[in-house]
Amino acid sequence: MEIKANPNHVCFKCGHKMESALQGEEFFWDAAADGVVFHGGGSYGSMAYDSVVNDIGVNLVVCDECLKKNKNRLQEIKINFKELNKMLKNKEKSHE
Ligand SMILES: [Zn+2]
């Protein structure tokens with residue numbers, strides 16, 4: 001699966017247009033300037049996007065302003081990238 005930088009992100013909630021935060025190169029993920037790109041392979045139980053059923057996932061972008069205004073509707077998740085990278089490296093070593 002390859003995701004290319006999208007120069008025309010549009011906020012799912014308010015329609016605000018955003019450029020890609022990634023310029024000049026191709027990446028395997030995408031990022032919006034002033035927003036968050038959510039990548040979903042679908043979800044079991046969804047009648048709209050269950051990728052197990054039809055191989056179609058979904059990307060959606062929400063601008064930072066809408067995220068801040070609606071913070072009470074989301075769940076923040078603490079992500080410790082240092083620990084995550086350590087875990088991934090240890091997992092790689094165990095497969096060598
Ligand atoms: Zn918005």
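**A walk through the fold**

Asp-34 has 14 other C-beta atoms within 10 Å, so Asp-34 counts as partly exposed. The cut-offs explain the label: a residue is buried at 20 or more such neighbours and exposed at 12 or fewer. Keep in mind that this is a predicted model.

Where does Asp-34 sit? Look in the loop between strand E2 (17–18) and strand E3 (35–40). Phi of Asp-34 is near 65°. That is a positive value, in a residue other than glycine.

Now step back to the whole chain. The protein has 3 helices and 4 strands. Read along the sequence, they follow the pattern β-β-β-α-β-α-α. Of the contacts with a separation of 6 or more, 39% join residues 24 or more positions apart. Buried residues make up 8% of the 96 residues.

Which residues form the largest nonpolar core? There are 6 of them: Cys-11, Met-18, Ala-32, Val-61, Val-62 and Cys-63. Strand E4 (residues 58–63) gives the largest share of this core, with 3 residues. In soluble globular proteins, nonpolar side chains tend to be buried together.

Pick one core member and follow its contacts. Set aside residues up to four places away in sequence. Ala-32 then touches His-9, Met-18, Ser-20, Ala-21, Val-37 and Val-61. Met-18 and Val-61 on that list belong to the largest nonpolar core as well.

Val-37 leads us onward, into strand E3. Is Val-37 buried or partly exposed? Val-37 has 19 C-beta neighbours inside 10 Å, so it counts as partly exposed. Burial would need 20 or more. Leaving aside neighbours within four places in sequence, Val-37 is in contact with Asp-30, Ala-31, Ala-32, Asn-59 and Val-61. Ser-20 is 17 residues from Val-37 in sequence. In space, the two C-alpha atoms are 9.9 Å apart.

Next, turn to helix H3 (residues 81–95). Helix H3 has 15 residues. From first C-alpha to last, H3 reaches 21 Å, close to the 21 Å expected at 1.5 Å a residue. How many of its residues are buried? The count is 0, and H3 is hardly covered.

The mean pLDDT of the protein is 83. A value of 70 or more is reached by 86% of the residues. Confidence is highest in helix H2 (residues 64–69), at a mean of 98. It is lowest in helix H1 (residues 51–54), at a mean of 78.

Definitions and conventions:
Residues numbered from 1 in each chain as written. Predicted model: local features only at pLDDT ≥ 70, side-chain atom pairs only at ≥ 80, totals over all residues. Core = buried A, V, L, I, M, F, W, Y, C linked by C-beta atoms within 7 Å. Helix = DSSP H or I, 4+ residues; strand = E, 2+ residues; numbered from the N terminus. Contact = placed C-beta atoms within 7 Å. Expected span 1.5 Å × (residues − 1). pLDDT = per-residue confidence, 0-100.
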